[in-house]
Amino acid sequence: MRTATYFFIFLNLSLAMFEEPAVYPLPFLVTSLVEVLCLLVFLGRLAHFATVTLHGVFWKDTKNICIMVAILLSLTDLAIYGALRAHGVRSIRWSRIVRPIFLINFAESRQIRRAFRSIRNTLPDITYVFLLFMFSLLMFSLMALKLFGDRNLQTAEGLPYFGNYLEIVFDLYVLVTTANSPDVMMPAFDFSSWYALFFIAFVIVNTYIFMSLFLAVVYNNYKKHLKVMLGG
């Protein structure tokens, strides 16, 4: 039963790769039938829990309530999406976001729930570090706006360079991952090579210092909460 439950949970989560929009889309009828099959299996597994559990205990368990709500939401969304599709109206499958609920709330997923609770308990501990990081990002974005906003620079695509504050915040946020490095710096670097110092300082402060600090806080607090949960 445990293996079958894990298989259908995996199958249900894998549907996202084949439902529109997807790289390998399958016909709606195929994906909907597979999803209905998975939901029926989950409903049957829940009914099995109900037969071997005291009535009061079963209905007081929030895990069972979460599973029932997720099944109801998934079926409702599937019916609405199918009806709209039949009438040629485009819509989205908003119930996809509830599919991980099945992975977390079945009784067989005790270890996953333990990890999830540790992550949840860790979030308040990293709030201050995250707020400091966001403050640094917003301040660097403001400096970038003052440095480059009035110089009428352009990107390689001919778009205004660092002329909008929110776009600057997004570009520098991406730069924390170095995914757009050094492209984001080149218009300013072409204007004056000294402007490279701004981006070097940003990467040192936010990528190497804040991200390392953020990782250390997350790791230490996650380990602490997991150790408490295990009774160590």
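W59, I65, V69, L73, I92 and W94 together make a nonpolar surface patch of about 570 Å². This is a predicted model, where local features need pLDDT of at least 70, side-chain atom pairs count only at pLDDT 80 or more, and totals for chains, interfaces and linings use all residues. Residues are numbered from 1 along each chain as its sequence is written, and side-chain values use heavy atoms, with hydrogens and water left out.

**The patch**
- Helix α4 (residues 62–86) supplies the largest share of the patch, three residues, and I65 is found in that helix.
- Patch members have over 30% relative accessible area and no salt bridge; nonpolar side chains (Val, Leu, Ile, Met, Phe, Trp, Tyr) are joined within 5 Å, and like charges within 9 Å.
- Accessible areas come from the Shrake-Rupley method with a 1.4 Å probe, and for residues only the protein chains shown count as cover.
- A salt bridge here is a side-chain nitrogen of Lys or Arg within 4 Å of a carboxyl oxygen of Asp or Glu.

**Helix α6**
- Running over residues 110–148, α6 has 39 residues and reaches 53 Å from its first C-alpha to its last, close to the 57 Å expected at 1.5 Å a residue (the expected span is 1.5 Å times one less than the number of residues).
- Helices are DSSP runs (H or I, at least four residues), numbered from the N terminus, and strands are runs of E, at least two.
- At I126, α6 bends by about 50°, the bend being the angle between axes fitted to the seven residues ending there and the seven starting there.

**Domains**
- The chain splits into domain 1 (1–108) and domain 2 (118–231), with bounds from an automatic or database domain assignment.
- Their C-alpha centres lie 37 Å apart.

- Most residues other than glycine have a negative phi, and most peptide bonds are trans.
- N152, in the loop between α6 and α7, has a positive phi of about 55° although it is not a glycine.
- S181 and P182 are joined by a cis peptide bond, omega about 0°; P182 sits in the loop between α7 (165–176) and α8 (186–191).

**What UniProt lists**
- The unreviewed UniProt entry gives "signal peptide" for residues 1–16; positions use the numbering here, feature names are shortened, and annotations may be inferred rather than shown by experiment.
- In the model, residues 1–16 are 81% helix and 0% strand, with end C-alpha atoms 24 Å apart.
- "Transmembrane region" is listed by UniProt (unreviewed entry) at several stretches, including 126–147 and 196–219.
- Residues 126–147 are 100% helix, with end C-alpha atoms 32 Å apart; residues 196–219 are also 100% helix, with ends 33 Å apart.
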